[in-house]
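Morning, everyone. Please look at the model on the screen, and I'll walk you through one site and its surroundings.

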Amino acid sequence: MKLLRIDHLGIAVNGIDEAGQFWTQVLGLPMEGTETVTEQKTTTAFFPVGESEVELLQSTQPDGPVAKFIENRGPGIQHVAFAVENIEEALAELKEKGVRLIDEKPRAGAGGAKIAFIHPKAAGGVLVELCQKDLK
Ligand code: ZN
């Protein structure tokens, strides 16, 4: 599989409006519009920086994965996402290697990307996202 770059860092926050101020006002990053991914019970906002982005994740429901993450570990980095050339190929290779996956098949992420998560137990406690999207 070919990893192209770190695509984004996913950061769990209690509220995008409040947490976003650090990224926009202190660090001077632009904020791209927010998007709600209903299936994930999450609203996301992206802050582009070079070839990568910061993704803030806010739960829309108390039982969503982001809410659970914050409950257990507090706000902070929740996942790291790598852009891959071909996500189906990457998942097939990982399966062949016996790597534990959360998503056996790609699903739809924010911005029309195809995404899949590797289980943190297979990655030293880090939730790793693979994503494939058309370059802007
Ligand atoms: Zn992400």
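Start with His 79: it is buried, with a relative accessible area of 3%. Buried means under 20%, exposed over 50%, and partly exposed in between, with a 1.4 Å probe and protein chains only.

A word on the source. This is a predicted model: local features need pLDDT of at least 70, side-chain atom pairs count only at pLDDT 80 or more, and totals for chains, interfaces and linings use all residues. Residues are numbered from 1 along each chain as its sequence is written, and side-chain values use heavy atoms, leaving out hydrogens and water.

Now, which residues hold the zinc ion as donors? They are His 8 (NE2), Glu 55 (OE), His 79 (NE2) and Glu 129 (OE), lying 2.1 to 2.3 Å from the zinc ion. Donors are N, O and S atoms within 2.8 Å of the metal (3.2 Å for Na, K and Ca); water is not among the atoms, so sites may look incomplete.

Glu 55 lies in strand E4 (residues 52–59) and His 79 in strand E5 (residues 76–84), so this pair ties together parts 24 residues apart in sequence. Strands (E, at least two residues) are DSSP runs, numbered from the N terminus. Glu 55 is buried too, at 6% relative accessible area.

Next, the sheet. Eight strands form an open sheet, ordered E2-E3-E4-E1-E5-E8-E7-E6, with mixed pairing. Strands E2 (34–37) and E6 (107–108) stand at the edges, each with a single partner strand, so one side of each has no neighbour in the sheet. Two strands pair if DSSP finds at least two bridges between them.

Last stop: Phe 117 stands opposite Glu 129 in E8. Glu 129 is one of the zinc donors.

Definitions and conventions: Helix = DSSP H or I, 4+ residues; strand = E, 2+ residues; numbered from the N terminus.
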